[in-house]
Amino acid sequence: MTARVPRDPAAPLWRAGVLLRVITLCFAGVVVAAHHGEYARTWLAWAVVGGMAVWTLATGLYYPRRGAGLWFTLVDLAVCCGLMALSRWALTPAQLAGEVPLVPTVWVTAVVAFGAIRAGMLGGTAFGLVVSLCNFAVRGFVDIDLLRDMVLLVGIGFVLGLAATTSRQSALRLAAAERIEAATAERERLARGIHDSVLQVLARVRKRGLEVGGEAAELGELAGRQEVALRALVSAAPLESSSGEVDLRGLLQVLTTERVHVSAPGTPVPLPGSVASELSFLVREALENVARHAGPSARAWVLLEDLGSSVVLSVRDDGVGIPEGRLAEASAQGRMGVARSIRGRVADLGGTITLETAPGQGVEWELRVPRTW
Amino acid sequence: MRTISVMVVDDHPMWRDGVARDLAERGFDVRATAGDAAAAVRIAAAVRPDVVLMDLNLGSESGADATREITASLPTTRVLVLSASGEHDDVLQAVKAGASGYLVKSASAAELVDAVERTAAGDAVFTPGLAGLVLGEYRRMAAEPSPPRLTDRETEVLRLVAKGLTARQIADRLVLSHRTVENHVQSTLRKLQLHNRVELARYAIEHGLDGSP
């Protein structure tokens, strides 16, 4: 599998910014034509429009190809402010103080957009502020109209910056999800391979070994242990999904041994990572307990059920069981050990736990945890 | 008692011959073996065994498809899935396609003999893992428009199977007869298979695959 070189997910935004610049250039040309002859220096006004056209062309070729570094957007910002500043000599003092727009007019909006696309909310807001301050400086005063322009420029920078950041983040998440998917496919391919070869042979060796007996039985026993361990390993689901949730089945299936059997649904049981690892910890505790107290030949079964609104985990063993009263007795003496630590942790998850036992009939734990998180 | 006739389907010659020999030694009539799905369907139609032991990983082919064809065309032949597969989706697919039970390949020869005899007698052979899968499948289907449902008793029995209790232990615990427990287990499979057939037929009609104009 070859990793794809990530294209900038904000590429369409760069192109849109260039389009905005072309349209606003046309608008500026129309405004200057409308005021033709009224300027202090009409030739300078047209020269500024010419400079804008050249810069629009240059950036129009540069930006869409591969976005731009922060330095280039800063150069862009300087050029825009410079062209605005030239209005001070192109316009008459009366025009500067009145309703006539500066020569670049709304053409300067595009640089705010580029700043936002490059550097996110912060960049967009900063570029909007710089352009507004430049506007104040050229005019030489601040009034309601100029403040309104500032609010709009800063607002555009903020919103576009947010959009650019969000689209980059979702592209990253998508790429991560694709990687997990590819890894899963690879793992499944491996699992099938192991399945068709090694597992079959181990299963056969175990079976024949046990039938032949003697030393062969010991070898068969060893092969069987490896078979179970290997099967648990290859059948374990990938641990984390792209949403950060974990399939609890994967955490439980690796607990399979010769004496521990794990049953689960055929579809994933997704839980937040912390809850899933807590539950698998509790199951491991219960299984430890079986190994310690249920007797050497005891087997255990783990059942995972997903009821939608809650998850139910059962751990049953066929060992010697807990003599009547011993749990209560231990509890009264304040040394509940396992039972209490399990109870406390289940309660922390908002769940309940029941324990059933009788002498000679093994122990059965049932954990119910609601999906309220 | 009549000798039970069997057929072994597995793409691994070593395993296929080993199982066939085990069964022959224990008095079963091993009618045929097959190494791929197409041969399995063809040969089963010719020899009509009582029980087909079906592996699920037949190279690139799926044992579930072969299971569907065999159980559809041979009403008296039962399919017992014998797979090294962890108990996963492919097992569920085979069972929905009509298999009467499932056994892991690491099961002992005695367990295998018992499973084949019970399959021939019409019982459903469940492992705890299969019970967990079937329970999960009913719960998954509950979101569908007209899902099959388990009775409370069937759910209870299936949960106990999934927790490793034998039919005998379940009968004792629920104060039922052994036969009643077997019937409950079988019923959970039958409903699943019936629902699957209805769904397939509905799909065929909706997509014009049933031959009607």
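Cys80(A) is buried, with a relative accessible area of 0%, where buried stands for under 20% relative accessible area, exposed for over 50% and partly exposed for the range in between, as found with a 1.4 Å probe on protein chains only. The structure is a predicted model, in which local features need pLDDT of at least 70 and side-chain atom pairs count only at pLDDT 80 or more, whereas totals for chains, interfaces and linings use all residues. Residues are numbered from 1 along each chain as its sequence is written, chains are lettered from A and ligands numbered from 1 in the order in which they are written, and side-chain values use heavy atoms, with hydrogens and water left out.

The closest cysteine sulfur to that of Cys80(A) belongs to Cys81(A) and lies 6.8 Å away, too far for a bond. Cys81(A) also counts as buried, at 14% relative accessibility, and its sulfur is 3.9 Å from the closest cysteine sulfur, that of Cys134(A), which is again too far for a bond. Over all chains the structure holds zero disulfides, a disulfide being a pair of cysteine sulfur atoms within 2.5 Å.

Chain A contains 11 helices and seven strands; these elements are DSSP runs numbered from the N terminus, helices being H or I runs of at least four residues and strands being E runs of at least two. Of the 373 residues of chain A, 44% count as buried. Among the contacts in chain A with a separation of 6 or more, 66% come from residues 24 or more positions apart, a contact being heavy atoms within 4.5 Å.

Side chains of opposite charge can pair when their charged atoms come close. With a salt bridge taken as a side-chain nitrogen of Lys or Arg within 4 Å of a carboxyl oxygen of Asp or Glu, the count over all chains comes to 32 salt bridges. One of them joins the side chains of Arg371(A) and Asp306(A), at 2.8 Å from N to O. Arg371(A) lies in the segment after strand S7 (363-370) of chain A and Asp306(A) in strand S4 (residues 300-306) of chain A, so this pair ties together parts that are 65 residues apart in sequence. Arg371(A) itself is partly exposed, with a relative accessible area of 24%.

In chain B, a salt bridge connects Asp55(B) with Lys105(B), their closest N and O atoms being 3.7 Å apart. This pair links distant parts of the chain, 50 residues apart, with Asp55(B) in the loop between strand S3 (51-54) and strand S4 (57-58) of chain B and Lys105(B) in the loop between strand S7 (101-104) and helix H5 (109-120) of chain B. Both Asp55(B) and Lys105(B) are buried.

The contact between the chains takes 34 residues from chain A and 36 residues from chain B. The size of an interface is often given as the accessible area lost when the parts come together. Chain A and chain B bury about 2900 Å² between them, 49% of it on carbon and sulfur atoms, where buried area is the accessible area (1.4 Å probe) that two parts lose on being put together, summed over both. In chain A, the residues that lose the most area to chain B are Gln200(A), Arg204(A) and Lys207(A), which together make up 22% of what that side buries.

Between chain A and chain B the count is eight salt bridges, and one of the salt bridges pairs Glu364(A) with Lys163(B), with the closest N and O atoms 2.6 Å apart. Both of these residues belong to a network of salt bridges that links Glu305(A), Glu364(A), Glu366(A), Arg368(A), Arg139(B), Arg159(B), Lys163(B) and Arg173(B).

The side chain of Thr188(B) reaches the backbone oxygen of Val185(B) at 2.5 Å. When neighbours within four places in sequence are left aside, Thr188(B) is in contact with Phe126(B), Tyr138(B), Leu150(B), Glu154(B) and Leu158(B).

Terms used:
Polar contact = N/O pair within 3.5 Å; in protein donor to acceptor, adjacent residues only side chain to side chain.
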